[in-house]
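I am opening a notebook on a structure that is new to me. The entries below follow the order in which I looked things up.

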Amino acid sequence: MQRVIMRAGWTIVGLLAAGAMTVVGLNLWVVMATHDRIATSPLTCQSREVGIVFGTSHGLVGGGSNPHYQARLDTAAQLYRLRRVSNLLLSGDNRTRYYNEPMTMWRDLRARNVPQEFMTLDYAGFSTFDTLVRAHKVFGVDEAVLVTQPWHLPRALFIADALGLEAVGCPAISERQPPGLKLMLREWLARAATVGDLYLWGRKPRFLGPQESLPTPVLSSHSSSHPSSSHSSDKHVMSPREDSVTAGAGQQAAASRDVADGVDVADAVDVADGVDVVDTANAADTPDPHALARQAQASLLASLPGVKQALLQWLPVRPDTN
């Protein structure tokens, strides 16, 4: 019985050793196949039409901001400022309405002064594999610079190679939190599993969907201008939801300014009360502008007694100098 237990124990040890050697060997394959295409810093990253930014949680489980997330966005914004990319494809998880990595990245990159026209959102980037498959097959990306942490780039580049996507790596260096032992062990296992995904069990993306097109490259038509010039003219670009709300507020503000400044006051009163008054915008074309102005003012005051003092402030009766 003791001999059987020892034999079983040695069998388990042998299997664990073989598994560990397999994981190490597969990791060496992934790293050696991709290390020469990973830049040393964002400043040395190569230029490509598209930069793929991999999504991750913006916050930590224990609270606070995720430094890996912040580093990816800092690097993506730097690629824009250095004119190294024409489009940023923000790919992340949006499996529920309460968790939306691409929209969070979009908002934080807008806060970093990256214009909306430089960004495209992919809401089905549930994993590194899904992000790259969709970038190639859905968005038609053939060449790209991948933006993520240095320890993540070998696996991402290895997947890109298998898909026929020509890619280079731009490291997002998280200086405040280097990768720990637990994270590196997870990445080593993920690299080994990636080889199986690609060459053994034929993994498929969770959701592929119809083809979409990226916007026309922005930098190609403005390559001669410096990034700072774009910053000076960069206006806040609103999401569709913000745009509809702000448009209504803007129209109300414009109408208030028109009444206050005496612009088309008659038209505003006509719509509100149906009062027929003279349009002060055309009063300058008549022989006696002062008389017409007094007539328009008198009609307005008669129909709107509650705003008499406000209108007197903006449309004072001028003395007849004739």
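**Entry 1: an exposed methionine**

I began with Met32, which counts as exposed because its relative accessibility is 56%, and the cut-off for exposed is over 50%. I note here that the model is a predicted one. I placed Met32 in helix H1.

I then asked which residues make the nonpolar surface patch. Val24, Leu28, Met32 and Trp188 make the patch, and its area is about 380 Å². Helix H1, residues 2-34, gives the largest share of the patch with three residues.

**Entry 2: the nonpolar cores**

Next I went inside. I set down one general point: nonpolar side chains tend to be buried together in soluble globular proteins.

The largest nonpolar core holds 25 residues, and Ile52, Leu89, Leu132, Val141 and Leu146 have the most contacts inside it. At least two residues of this core come from each of strand E1 (50-54), helix H4 (128-137), strand E4 (143-148), helix H5 (153-163) and helix H6 (181-199). H5 contributes the most to this core, six residues. Apart from this core I found another, of 24 residues, which includes Val53, Ala76, Ala77 and Leu88.

I picked Leu132 and asked what it touches beyond four places away in sequence. The list is Ile52, Phe54, Leu146, Ala156, Ile159, Ala160, Leu163 and Leu165.

**Entry 3: helix H3 and its ends**

I looked up which residues of H3 are buried and wrote down Glu101, Pro102, Met103, Met105, Trp106, Leu109 and Arg110. These buried residues pack against E1, H2, E2 and E3.

Just after H3 comes Asn113, with a positive phi of about 65 degrees. I located Asn113 in the loop between helix H3 (101-111) and strand E3 (119-122). Asn113 counts as partly exposed because its relative accessible area is 42%.

**Entry 4: another positive phi**

I reminded myself that most residues other than glycine have a negative phi. Arg83 is not a glycine, yet its phi is positive, at about 60 degrees. I found Arg83 in the loop between helix H2 (67-81) and strand E2 (87-91).

Is Arg83 buried or exposed? Arg83 counts as buried because its relative accessibility is 18%, and buried means under 20%.

Key:
Residues are numbered from 1 along each chain as its sequence is written. This is a predicted model: local features need pLDDT of at least 70, side-chain atom pairs count only at pLDDT 80 or more; totals for chains, interfaces and linings use all residues. Side-chain values use heavy atoms; hydrogens and water are left out. Patches are made of residues with over 30% relative accessible area and no salt bridge: like charges are joined within 9 Å, nonpolar side chains (Val, Leu, Ile, Met, Phe, Trp, Tyr) within 5 Å. Accessible areas come from the Shrake-Rupley method with a 1.4 Å probe; for residues, only the protein chains shown count as cover. A salt bridge is a side-chain nitrogen of Lys or Arg within 4 Å of a carboxyl oxygen of Asp or Glu. Helices (H or I, at least four residues) and strands (E, at least two) are DSSP runs, numbered from the N terminus. Buried means under 20% relative accessible area, exposed over 50%, partly exposed in between (1.4 Å probe, protein chains only). A nonpolar core is a set of buried Ala, Val, Leu, Ile, Met, Phe, Trp, Tyr and Cys residues joined through side-chain atoms within 4.5 Å. Contact means heavy atoms within 4.5 Å.
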